[in-house]
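Dear colleague,

I am passing on the structure below, together with notes on what I found in it. Please read the notes with the coordinates open beside you.

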Amino acid sequence: MRILVVGATGTIGKAVVEEMKDSAEIICASRSKADIKVDITSVESIKQMFKEVGEIDALVSAAGGVHYTSLETLTPELNQIAVQSKLLGQINLVLLGLPYIKDNGSITLITGVLMDDPIKTGASAAMANGGVHAFVKAAAIDMPRGIRINSVSPTILEESFEDYGSMFEGFEPVPVKRVALAYKKSILGAHTGKTFYVY
């Protein structure tokens, strides 16, 4: 099995690589410090990545930037960060990656707790998460060649709590290993159109 992990150098991406390394050949992609360089806000960069990687059994995304700010200071330009990266970036991974995914392969994208349990300054992130969630649910019924598509929706991580915990008052953090296990279930299981919540 060949798995392409986009966002492989981030906290979640590293955990997914660690969880899956004994089950598959892992190809790591990210903006820097990875086997393959990719910028998911660029269609051309995504196309080049898939040309380099070739045929895969599973596409995993643990990538996508967002900007946190109050609604009063959220400009169209700042909102575009989440639109171009976490939302359209992941959708474009699917659209451009489909020809490279083997029959009965799988795709796993990332959303997040804020689509269901919002916080102040998180409207843009919630929008992107909700958009990815809706896309996955709808795309699952239209996937060709038996390909499955799911998403993983984590809450704040224990590993990130020191940096971001003040924004997530009252949220119970989870270890990143639990998030990686949700990815593993999506990759190796039989579900499609499902969101694996890690709250």
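Which residue in β5 does I56 stand opposite? I56 stands opposite I101 in β5. Before the rest, please bear in mind that this is a predicted model, in which local features need pLDDT of at least 70 and side-chain atom pairs count only at pLDDT 80 or more, while totals for chains, interfaces and linings use all residues. Residues are numbered from 1 along each chain as its sequence is written, and side-chain values use heavy atoms, with hydrogens and water left out.

I begin with the sheet. It is open, has 7 strands in the order β3-β2-β1-β4-β5-β6-β7, and its pairing is parallel; strands here are DSSP runs of E of at least two residues, and helices are runs of H or I of at least four, numbered from the N terminus, and two strands pair if DSSP finds at least two bridges between them. The edge strands, each pairing on one side only, are β3 (36–37) and β7 (195–198).

Strand β4 (residues 56–61) has 6 of its 6 residues buried, so it is largely enclosed by the rest of the structure; buried means under 20% relative accessible area, exposed over 50%, and partly exposed in between, with a 1.4 Å probe and protein chains only. On one pairing, β4 runs parallel to strand β1 (residues 2–6) over 4 bridges, and V6 stands opposite S61 in β4. On another, 4 bridges join β4 to strand β5 (residues 101–110), again in parallel, and here V60 stands opposite T108 in β5.

Helix α2 lies across β1, β2, β3 and β4, and runs at about 155° to β1; axes are lines fitted to C-alpha atoms, for helices over the stretch in contact, and angles run from 0 to 180 degrees between N-to-C directions. Helix α2 (residues 43–53) also packs with helix α3 (residues 76–97) at an angle of about 45°, their axes being 10 Å apart. The two helices are therefore oblique to each other, given that angles under 35 degrees count as roughly parallel, over 145 as roughly antiparallel, 65 to 115 as roughly perpendicular and the rest as oblique. In this contact V43, I46, K47, M49 and F50 in α2 meet G89, N92, L93, L96 and G97 in α3.

Two single residues remain. A24 is placed in the loop between α1 (11–20) and β2 (25–30), and with 15% relative accessibility A24 counts as buried. Apart from neighbours within four places in sequence, A24 is in contact with M1 and I3. From A24 to A34 there are 10 residues in sequence and 17 Å in space, taken C-alpha to C-alpha.

S124 lies in helix α4 (residues 123–139) and is buried, with a relative accessible area of 2%. When residues up to four places away in sequence are not counted, S124 touches H67, L74, N79 and A82.

With kind regards

Note on methods: Contact means heavy atoms within 4.5 Å.
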